[in-house]
Amino acid sequence: GKGDKHKDAAKDGDEAAKKSGHVVAKLKARAAKQKLEPVIEDQFQSGRLLACIASRPGQSGHCDGYILEGEELTFYKKKLEK
C-alpha cells in the first residue's frame, strides 16, 4: 500500500527511546499499584483463562468478550467442577 514505508520505519525504531522519563516513571508507578486477584493469577499460571464471549455469532470471523472475575468466576468454576 501507500503508507507501508512509514509503518516499517516505525517498527524498526527503538520503542524505549520514544518514551520520556516522565512517562517511564508513570508506568512504573502504575505497575507497582497493579494487583491481580489470586484466582485469576492461578489461571495465568495454568495457561487457561475463563472468559465470556459477549459478541453475537456471525460470519465476520472474530469475537469480543471479557475475562471472568469475582462472583461470576466463582459461579462458573463451581459449574465446571460438577
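This note comments on selected residues of the structure shown above.

1. The model is predicted, so local features need pLDDT of at least 70 and side-chain atom pairs count only at pLDDT 80 or more, while totals for chains, interfaces and linings use all residues. Residues are numbered from 1 along each chain as its sequence is written, and side-chain values use heavy atoms, with hydrogens and water left out.

2. Q43 lies in helix α4 (helices, H or I, of at least four residues and strands, E, of at least two are DSSP runs, numbered from the N terminus). Q43 counts as buried because its relative accessibility is 4% (buried means under 20% relative accessible area, exposed over 50%, and partly exposed in between, with a 1.4 Å probe and protein chains only).

3. Leaving aside residues up to four places away in sequence, Q43 touches R48, L49, L50, L73 and K77 (contact means heavy atoms within 4.5 Å).

4. L50 sits in the loop between α4 and β1 (51–53). With residues up to four places away in sequence again not counted, the contacts of L50 include Q43, I67 and L80.

5. A search of the whole structure finds 1 aromatic pair (ring centres of Phe, Tyr and Trp, the last by its six-membered ring, lie within 6.5 Å; planes under 30 degrees apart are stacked, over 60 edge-to-face, and the rest tilted). F75 and Y76 form this edge-to-face pair, at 5.1 Å centre to centre and 80° between the planes. F75 is partly exposed because its relative accessible area is 44%.
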